[in-house]
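Hello,

Here is the structure I promised to pass on to you. Please open it alongside this message, and I will go through what turned up.

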Amino acid sequence: MIGRSRAVVLTGLTGHVIDVEAHVAPGLPSFTLVGLPDAALSEARDRVRAAVASSRLTWPARRVTVNLSPASLPKSGAGTDLAIALAVLAAAGEVPPEAVTGIHLGELGLDGRVREVRGVLPAVAAAAAAGAQSVVVPSDSAAEAALVPGIEVRAAATLAALLRAYGNGDAEELAGLPGPAARVAQAPGIEATGGPVPDLADVRGQAEARAALEVAAAGGHHMLMSGPPGVGKTMLATRLPGLLPDLSPAEAVEVTSVHSLSGGFDASGGLLVRPPFEAPHHSASAAAIVGGGAALARPGAISRAHGGVLFLDEAPEFPARVLQTLRQPLESGEVVLHRALGATRYPARFQLVMAANPCPCGKYYGREPTCTCSPHQRRTYAHRLSGPLLDRVDLQVEVTPVRTGLDEPGESTAVVAARVAQARDRARARLSGLGWSANAHVGGRWLREHTPSAACVDLWAALDRGVVSARGADRALRVAWTLADLAGVDAPSAAHVAQALALRTRDVP
C-alpha cells in the first residue's frame with residue numbers, strides 16, 4: 001500500500017513543494033529513504049520511528065520505502081519529518097490516506113513533539129504560490145506562518161494530536177506534552193519591529209560627514225569614512241538605518257524570509273519593515289560574511305543585511321579574501337554560492353558602509369601628525385582596501401576631529417529622514433517602470449542619456465585624466481542625481497556633478 005503527503009524544501013529562498021511517497025510491502029523490516037536527502041534528512045528514519053512509538057502506535061514490521069519526489073532535487077533539513085511519518089502511517093493503514101495529502105512542515109522529536117524548523121515563512125509562501133489551500137506547521141512556528149496571506153495555517157504540537165485530528169483514536173502522546181492541533185488566525189498585517197532608533201542629533205559637529213550620510217541614505221549609495229579613532233565614524237554608521245524609509249511589502253517579505261531561514265526571527269511583531277543593520281566583527285570568516293555550508297549554503301551577513309546596511313568597522317582589518325568576496329554582490333545585488341549539491345542564490349542588495357583609520361596607529365592626520373607608523377606600514381594598511389573594491393564605493397569621506405561645536409546639537413534623525421523620504425519619492429517617481437528603486441541601482445546607459453551634457457563636461461575631463469574609471473564616472477552620475485533629488489530639481493547641474501566627484505575622489509576638477 002502507498003501513502004502520500006507533501007512537504008516543502010528550500011534551495012536558498014526558493015521553496016519547492018515535494019511529494020512524500022511511502023510504500024509498505026512484505027519483507028524483512030527495513031526503512032529506506034531515497035530522493036537525494038542530506039545527512040540531517042537521512043536521520044529522519046530514526047526520529048520518525050521513535051516519534052511513532054512515542055505516540056502509542058506500532059511501526060509497521062515490514063519493508064518501508066519512502067521516496068522524496070522529484071528525486072533529482074537535493075533536499076536538506078529536518079522539515080520533512082512530519083510528512084514522512086504521516087505518509088508511512090497512511091501506507092500502514094493507521095490513518096485514512098486522503099487525510100494526509102496536504103502540506104506538512106515540521107521536525108519530529110523522539111517523544112512525538114513537532115518541533116519548529118527554520119525558513120517556515122518562505123516555505124509557506126512557496127506552498128501558497130503553488131496553490132495550496134492549507135498547511136500544517138509546528139505550534140512554535142505558527143505565528144510566522146500566519147504572516148503569509150491567502151493560506152490556512154494549522155498548528156500541530158504533537159504527532160499524536162495531529163493523528164487524532166485525522167481520525168486515529170489510538171494515538172496518544174506522552175504525558176506532559178502540549179494539546180491537539182489548532183487553527184491559527186491570519187496575521188492582521190505588517191507591523192514595525194525593532195527597538196529605539198539612535199538619533200543623529202547625538203552626533204555633534206561633522207557637518208560634512210552628516211551631509212554625506214544624508215546623500216547615502218537618499219540614494220542608497222555605498223560609503224567609506226576614514227579618520228582617526230573617536231571622531232564619530234561608528235556613531236554615524238549606526239544612525240544610517242534610521243534615515244532609510246520603511247521596506248515595501250514585497251521587500252519586507254523577502255527580508256523576513258532571509259532572517260527566518262537564518263534562525264532567531266521573532267514573528268510576534270510581524271514582518272520586518274525596518275531596514276536591517278549588520279555589523280560583523282573583523283575576525284569573521286568569508287563563510288560568515290557571504291554565506292556557507294557543506295552541502296547547500298546558508299545565508300551570511302550580506303544576505304541578512306539585504307534591504308538595509310552592512311557596516312564594516314575597522315574595514316582594513318578584515319581579511320583580504322573577505323573584502324574581495326563583496327565585489328560581486330555589490331554589483332549584482334545577490335550572492336551565488338556553489339556547493340557540492342548545487343548553486344544557492346540569496347538576495348544581497350545592501351548598503352555597504354566602511355570605517356577605516358588613516359594608519360595602524362590611527363594618528364596620521366592633521367598638519368603635524370603624531371603617527372609612529374613607518375611609510376611602508378601606512379602604505380600596506382591603505383592597500384588592504386583594494387582599488388576594485390573602492391571603485392564600487394560612491395562616497396569616500398574624511399572624518400576629522402571635532403574642535404568646536406560639541407555643545408551645539410545637530411539635526412535629528414526625524415528631520416533628516418523627512419528630506420531623505422522626499423528625495424526617495426522623487427527618484428521612485430522618475431524611475432517608475434524601469435525596474436530600479438534608488439539612484440544607486442540605475443544603469444549607466446540611462447544615466448548618460450538623461451544627464452544634461454553641459455553638466456558632464458568636468459566629469460568627462462576627469463575620466464580622460466584617469467581620475468575616475470568608467471565605472472566611477474557612472475557612479476558619480478548616480479550621486480549627482482541624488483544631490484539633485486535632495487535639492488528638489490529635475491536634473492543634476494554641473495555643480496551637482498562636481499560635488500559628486502568631490503565626494504568620490506576628494507578632488508574637485
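Predicted model: local features only at pLDDT ≥ 70, side-chain atom pairs only at ≥ 80, totals over all residues.

Ala429 counts as exposed, because its relative accessibility of 59% is over the 50% cut-off. You will find Ala429 in helix H17, which covers residues 413–431.

Next, have a look at how two of the helices meet. Helix H4 (residues 120–129) packs against helix H10 (residues 249–262) at an angle of about 125 degrees, and their axes are 7 Å apart. That angle makes H4 oblique to H10. On the H4 side, the residues in contact are Val120, Leu121 and Pro122. Their partners in H10 are Val253, Thr256, Ser257 and Ser260. Sorted by class, the contact of H4 with H10 has 4 nonpolar and 3 polar residues, with no charged ones.

While you are at H10, please also look at Ser262, which belongs to that helix. Is Ser262 buried or exposed? Ser262 is buried, because its relative accessible area is 18%, and the cut-off for buried is under 20%. Leaving aside residues up to four places away in sequence, Ser262 touches Arg118, Pro299 and Arg304. Arg304 is 42 residues from Ser262 along the chain, yet the C-alpha atoms of Ser262 and Arg304 are separated by 7.9 Å.

Now for the rings. How many aromatic pairs does a search of the whole structure find? The search finds 3. One of the pairs is formed by Phe31 and Trp59, whose ring centres are 5.3 Å apart, with 35 degrees between the planes, a tilted arrangement.

The charged end of Arg378 sits over the ring of Tyr364, at 4.1 Å from the ring's centre.

Finally, there are some backbone details to look up. The loop between H2 and S4 also holds Arg56. The phi of Arg56 is near 65 degrees, which is a positive value in a residue other than glycine. With 46% relative accessibility, Arg56 counts as partly exposed.

Gln206 likewise has a positive phi without being glycine, with a value near 55 degrees. Where does Gln206 lie? Gln206 lies in the loop between strand S10 (182–184) and helix H7 (207–219). Gln206 is buried, with a relative accessible area of 9%.

The last stop is a peptide bond. From Ser69 to Pro70 the bond is cis, with omega near 5 degrees. Pro70 is found in the loop between S4 and helix H3 (81–91).

Best wishes

Technical notes. Residues numbered from 1 in each chain as written. Heavy atoms only, no water. Axes fitted to C-alpha atoms, helices over the stretch in contact; angles between N-to-C directions. Helix = DSSP H or I, 4+ residues; strand = E, 2+ residues; numbered from the N terminus. Parallel < 35°, antiparallel > 145°, perpendicular 65-115°, else oblique. Contact = heavy atoms within 4.5 Å. Nonpolar A, V, L, I, M, F, W, Y, C, P; charged D, E, K, R; others polar. Phe/Tyr/Trp six-rings, centres within 6.5 Å; stacked < 30°, edge-to-face > 60°. Lys NZ or Arg CZ within 6 Å of the ring centre and 35° of its normal. Buried < 20%, exposed > 50% of the residue type's maximum accessible area, 1.4 Å probe, protein only.
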